[in-house]
Amino acid sequence: MLPPVPALTDYGISPDYGFLPSEPPLDVLPDSYYAKWEWIVSNLQSLLLSRRIRDVVARMPVLSTLYLQSESEWRRAYVALGFILHGYVWGGSKPVERVPPQITVPLLEVCEHLELPPVATYAGVCLWNYGTIFPDEPADDLCNLNCLNTFTGSLDEQWFYLVSVAIEARGAPSLSLALQAICAARAGNSLVVTESLQRLAEVIDEVGTLLERMYENCDPYVFYHRIRPYLAGSKNMGDAGLPNGLLYDDGTTEPEYRQYGGGSNAQSSLIQFWDIVLGVDHRPTGETRPEIAKDDKDGVAGPPRHGFIHEMRSYMPGPHRRFLEHVNAVANLRTYVEARRSDKALCIAYDACLSMLRALRDKHIQMVSRYIIIPSRDRKSRAPQATNPRREIPATNLANTRNSDGANKKLRGTGGTALIPFLKQARDETGEPAIDAWARRLLSNAPVEASFAALSKVGEHPDGHLQVVGLSGTWAADDSEGGICHW
């Protein structure tokens, strides 16, 4: 017997807002008992500028979580403590590895309740960190969104978070569409499956258009040098000053080092949802596609997806993570379409979804090039120039790409992974399930004939070598770069 198709409400997911909360997040905890937390996050920019955040936290009492009542209050506590944590760790001339009990004790309790790791995640800086200016207007309109908390107070940082919020809201209808398509496939209703996939492709295309609005108000220099360092995690951050990770001191037992990745867009459940329902299988970075792939049967969970993308699910709220696992157990669209190759309308609709998703990933590669790789190379070209460490967030360590002996090494992002090879492979894997032979040629990474126009390959050579022409002249992106935004 096939497992039931999941209901969104069973996992606290809204048909209208998707993985965003159905009501705008709290901008402040209502109980005055937590006034100290709220005072720190509301004055975070001043405390970071004056380098006084660590002194303020040291004088703060260890607050209990007993007065947190609703789920929205637990989420607000997670947001506040996440910003305090990262401000405390990175808000000095060098990072500090010991997290004091004032942060550790309540943060671990909040994280246990929300099933999240004790680090700032996509949920903490995006999903639960926004408000609407006019409650009766949509949340997918960037003109109607405001950001609750930031590290820098800059428009650039707010815009960086809010573009993701708008994307989540714009992509919300795709959840019901995809589940409807899965149900229709079980019933053998190809017309409904086709119509649902057509609309799904449109939604993914709309999300891609929203992503490109990042350039409007988020400056690459500000992002790379001022915002990105605060979002760093503690995994693979030896070059940044945390060789062993962080010591979460709860004041009772001997603290142990823990390592977590930082904020990453790979922690968006929406993007992974699209991969699952369309049957896009992501392998560990560097692993090639097997010669023969056995198709999953309807209602039978496919093989575990290991690697960075699968790891990022542990950084999602527990209900969202379980929802993806449930969807993975019932996803049937790829096998349904493959069994009906003669239905051209159905195949075109399915391939259109893959094309839009691949195009979205290509746009993201170009964005990472502008926001991460070009600034990192500009920094390297200016390396001999000394800077005042007290006037700049220690991004130098995060952007270091050479060993002490001068050998090249991979630049790690806040998520702790080298990004360009990961992104390029994830993009190429998106086109692998294409059904129609013509679509497979367009969506593959193989050289194409002159008569064909390759989809989603702007500025890229047929061998997958990315070339960027822009702010720093013409250069080629190699596999030794990394960044924060992982899709």
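Modeller: Helices here are DSSP runs (H or I, at least four residues), numbered from the N terminus. Keep in mind that this is a predicted model, where local features need pLDDT of at least 70, side-chain atom pairs count only at pLDDT 80 or more, and totals for chains, interfaces and linings use all residues. Residues are numbered from 1 along each chain as its sequence is written, and side-chain values use heavy atoms, with hydrogens and water left out.

Our helix is α14, residues 318–330. From first C-alpha to last, α14 reaches 19 Å, close to the expected 18 Å (1.5 Å times one less than its number of residues). Ten of its 13 residues are buried (under 20% relative accessible area, with a 1.4 Å probe and protein chains only). Among them are Gly 318, His 320, Arg 321 and Phe 323. What covers the buried residues of α14? The cover includes α5 (101–114), α6 (122–127), α8 (173–187) and α12 (269–278).

His 364 lies in α16, residues 344–381, and it counts as buried because its relative accessibility is 2%. An unreviewed UniProt entry annotates His 364 as "binding site"; such annotations may be inferred rather than shown by experiment.

How values were computed. Helix = DSSP H or I, 4+ residues; strand = E, 2+ residues; numbered from the N terminus. Buried < 20%, exposed > 50% of the residue type's maximum accessible area, 1.4 Å probe, protein only. Contact = heavy atoms within 4.5 Å.
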